[in-house]
Amino acid sequence: MKNQQTVFDDLKIKVEHLVRAHKKLLEKSISLENEQLMLLEKIENQKNAIKNLEESNKIAKLAQAISQENENTSDVKSKINELVREIDKCMALLNE
């Protein structure tokens, strides 16, 4: 049978081991919390970047649509002008 001093020494060693393990776990916990904060900040930055890219994409699509409308508008204007010239020629022929 172990004497009380041996039991006490064994218990002291185990407690010291538990204290060291607890400190390591606390350090790991702090490290993980810091990493989590960094990742959350990174996620927020990426969300903002996505939002900015979506806005840029929306603007680009709008600009493209407007540019196509302008092309169509100029084509329509050209066609109208051509038709007006033909009508003028027809009216001139009728007046002769």
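The mean positions of the chain's 16 positive and 17 negative charges lie 12 Å apart. The model is predicted. The chain holds 1 helix and 0 strands. Its radius of gyration is 41 Å, well over the 12 Å that the globule rule gives for 96 residues, so the chain is more spread out than a compact globule.

**Overall form and surface**

- The C-alpha trace spans about 140 × 20 × 5 Å along its principal axes.
- Of the 96 residues, 0% count as buried.

**Charge pairing**

- Side chains of opposite charge can pair when their charged atoms come close.
- The count here is 1 salt bridge.
- The side chains of Lys 58 and Glu 55 meet in a salt bridge, at 3.9 Å from N to O.
- Lys 58 and Glu 55 are separated by about one helical turn, because they are 3 residues apart in helix H1.
- Lys 58 has a relative accessible area of 53% and is therefore exposed, over the 50% cut-off.
- Glu 55 counts as partly exposed, at 40% relative accessibility.

**Nonpolar patch**

- Leu 11, Val 15 and Val 19 make a nonpolar surface patch of about 240 Å².
- Leu 11 belongs to helix H1, which covers residues 4–95.
- With 52% relative accessibility, Leu 11 counts as exposed.

Methods. Residues numbered from 1 in each chain as written. Predicted model: local features only at pLDDT ≥ 70, side-chain atom pairs only at ≥ 80, totals over all residues. Heavy atoms only, no water. Patch = residues over 30% accessible without salt bridge, like charges linked within 9 Å, V, L, I, M, F, W, Y side chains within 5 Å. Areas by Shrake-Rupley, 256 points an atom, 1.4 Å probe, with all protein chains shown as cover. Salt bridge = Lys/Arg side-chain N within 4 Å of Asp/Glu carboxyl O. Helix = DSSP H or I, 4+ residues; strand = E, 2+ residues; numbered from the N terminus. Buried < 20%, exposed > 50% of the residue type's maximum accessible area, 1.4 Å probe, protein only. Rg over C-alpha atoms; globule rule 2.2 N^0.38 Å. Lys, Arg positive; Asp, Glu negative; His and termini not counted. Charge placed at Lys NZ, Arg CZ, Asp CG, Glu CD.
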